[in-house]
Amino acid sequence: MMITPEQLVAQAKEAMLRAYAPYSDCFVGAALLGKSGKVYMGCNIENASFSPTICAERTAFSKAVSEGEKEFVAIAIVGGKHGEVKDVFAPCGVCRQVMAEFCDPDTFLLYLVHENGYDTHTLGELLPCGFYPKSVKGE
Ligand code: THU
């Protein structure tokens, strides 16, 4: 990996500061590492109409894909109520499914940040028996 997990975690924490979360007061940041070596930062962006809210992870994926990157190495995720990091802010089911669209279940790594460091998981661990593009493509 071109940057260290600690550097990716630091970028996720930086992104968390930019969260727009006036309704939940949950601040979430993500830093997504593409195979190119580029890092895409994302924060959650809430909306008065609630359903248009987008999670930090999907903000990062949307930025990456729209800039032409579709292969990924890892993502660091950090979050907390009032912006205070305590336990991990695990990715929601929708975000896990978006990861399944672009990421390998065995090699894509998630660094889930907590107050004492971070836990490392593969996508397959967090999305067991997942639905992947190969099923639809007939591969
Ligand atoms: N949120 C994320 O950004 N990522 C997740 O995976 C879980 C939830 C955000 C969405 C919303 O702004 C707030 O956290 C509370 O659900």
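View 1. The side chain of glutamate 46 places an N or O atom 2.5 Å from an oxygen atom of the ligand, and a polar side-chain atom of asparagine 44 lies 2.9 Å from an oxygen atom of the ligand. On the side chain of glutamate 57, an N or O atom is 2.8 Å from a nitrogen atom of the ligand. Of the 370 Å² of accessible area that the ligand has on its own, the protein covers 79% (Shrake-Rupley method, 1.4 Å probe). The model is predicted, with local features requiring pLDDT of at least 70 and side-chain atom pairs counted only at pLDDT 80 or more, whereas totals for chains, interfaces and linings use all residues. Residues are numbered from 1 along each chain as its sequence is written, and side-chain values use heavy atoms, with hydrogens and water left out.

**View 2. The shell around the ligand.** Surrounding the ligand are Ser24, Cys26, Val28, Asn44, Glu46, Thr53, Cys55, Ala56, Glu57, Ala90, Pro91 and Cys92, each with a heavy atom within 4 Å of it. This shell divides into seven nonpolar, three polar and two charged residues, where Ala, Val, Leu, Ile, Met, Phe, Trp, Tyr, Cys and Pro count as nonpolar, Asp, Glu, Lys and Arg as charged, and the others, Gly among them, as polar. E1 and H2 each supply at least two of the shell residues; helices (H or I, at least four residues) and strands (E, at least two) are DSSP runs numbered from the N terminus.

**View 3. Asparagine 44 in its loop.** Asparagine 44 sits in the loop between strand E2 (39-43) and H2, and it counts as buried because its relative accessibility is 5% (buried is under 20% relative accessible area, exposed over 50%, partly exposed in between, with a 1.4 Å probe and protein chains only). Its side chain reaches the backbone oxygen of cysteine 26 at 2.9 Å and the backbone nitrogen of valine 28 at 3.1 Å. Leaving out residues up to four places away in sequence, asparagine 44 touches Ala19, Tyr20, Ala21, Cys26, Phe27, Val28, Ile54, Cys55 and Ala56, a contact being heavy atoms within 4.5 Å.

**View 4. The largest nonpolar core and helix H2.** Among the 22 residues of the largest nonpolar core, those that touch the most other members are Leu32, Phe61, Ile75, Met99, Phe108, Leu110 and Leu123; such a core is a set of buried Ala, Val, Leu, Ile, Met, Phe, Trp, Tyr and Cys residues joined through side-chain atoms within 4.5 Å. At least two residues of this core come from each of strand E1 (26-34), helix H2 (56-66), strand E3 (72-81), helix H3 (93-102), strand E4 (109-114) and helix H4 (123-126), and H2 gives the most, with four residues. Apart from this core lies another, of 15 residues, among them Ala31, Leu33, Ala74 and Tyr111. The buried residues of H2, which are Ala56, Glu57, Arg58, Thr59, Ala60, Phe61 and Ala64, pack against E1, E2, E3 and H3.

**View 5. Residues with positive phi.** Most residues other than glycine have a negative phi. Histidine 82, in the loop between E3 and H3, has a positive phi of about 60 degrees although it is not a glycine. Cysteine 129, in the loop between H4 and helix H5 (133-137), likewise has a positive phi, near 55 degrees, and counts as exposed because its relative accessible area is 83%. Glycine 68, which follows H2, has a positive phi near 100 degrees.

Methods: Polar contact = N/O pair within 3.5 Å; in protein donor to acceptor, adjacent residues only side chain to side chain.
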